[in-house]
Amino acid sequence: MDADKTAWEQRSVVRVVPPVEPRKLAKVPFVELADGRLQGVVSSGSDIERVYVSSITAGTHALSCSTNNNRPCGALHGYACKHIRMLADEAVVQYGLDRVARYLRVEVPEGGSLMAEIKGHVERTPAAVVFSRFLRHLAYLEVPDSTEPLAELHWFPATGAVR
């Protein structure tokens, strides 16, 4: 192993961090800190067949919320809609307040709320990438349990493989 690299940098597999607290997936089935945003999929409160892709950009705190087919959220008007608030709440449950605040580059005072410190503007971002990742995660739920490698992930070397 190279002395300058940590063990996880030597492997293609990074351990999955368990959630800080158990999450209920019905309202916010997918949440991630990726692509410089807190982003995820939030179920509609009024239509069981509709979901929203919501995000908060790190640093600028730009807010985006639209349906999975890019129709804008009707409640996003310069402040966070309920979908973004639900996403932020579930991110805190999943990752913990400190990690989410650090990722978004926001200072949350002791006993404070993450969303009380987010004062971003509306900046529409395409929903397709996030929604596609969500669908990919759903597809893995249907894969039968196995210790065999998945064909689509064949290019990942096995843990401990010699270079």
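**View A. Leu135 in helix α4 of the predicted model.** Helix α4 covers residues 128-141, and Leu135 is found in it. Leu135 is partly exposed, at a relative accessible area of 42%. Together with Leu138 and Leu141, Leu135 makes a nonpolar surface patch of about 290 Å².

**View B. A network of salt bridges links Glu32, Asp35 and Arg133.** Arg133 forms a salt bridge with Glu32, and their closest N and O atoms are 2.9 Å apart. This pair links distant parts of the chain, since Arg133 lies in helix α4 and Glu32 in strand β1 (residues 30-34), 101 residues apart. Arg133 also forms a salt bridge with Asp35, where the closest N and O atoms are 2.7 Å apart. Asp35 belongs to the loop between β1 and β2, 98 residues from Arg133. Glu32 is buried, with 11% relative accessibility. Arg133 is partly exposed at 26%, and Asp35 is partly exposed at 48%.

**View C. Asp47 forms a salt bridge with Arg50.** The closest N and O atoms of Asp47 and Arg50 are 3.6 Å apart. Asp47 is partly exposed, with 27% relative accessibility, and Arg50 is partly exposed, with 31%. The structure holds three salt bridges, this one included.

View D. A disulfide is a covalent bond between the sulfur atoms of two cysteines. Cys73 is buried, with a relative accessible area of 4%, and Cys81 is buried, with 3%. A search of the whole structure finds zero disulfides.

Notes: Residues numbered from 1 in each chain as written. Predicted model: local features only at pLDDT ≥ 70, side-chain atom pairs only at ≥ 80, totals over all residues. Heavy atoms only, no water. Disulfide = S-S within 2.5 Å. Buried < 20%, exposed > 50% of the residue type's maximum accessible area, 1.4 Å probe, protein only. Patch = residues over 30% accessible without salt bridge, like charges linked within 9 Å, V, L, I, M, F, W, Y side chains within 5 Å. Areas by Shrake-Rupley, 256 points an atom, 1.4 Å probe, with all protein chains shown as cover. Salt bridge = Lys/Arg side-chain N within 4 Å of Asp/Glu carboxyl O. Helix = DSSP H or I, 4+ residues; strand = E, 2+ residues; numbered from the N terminus.
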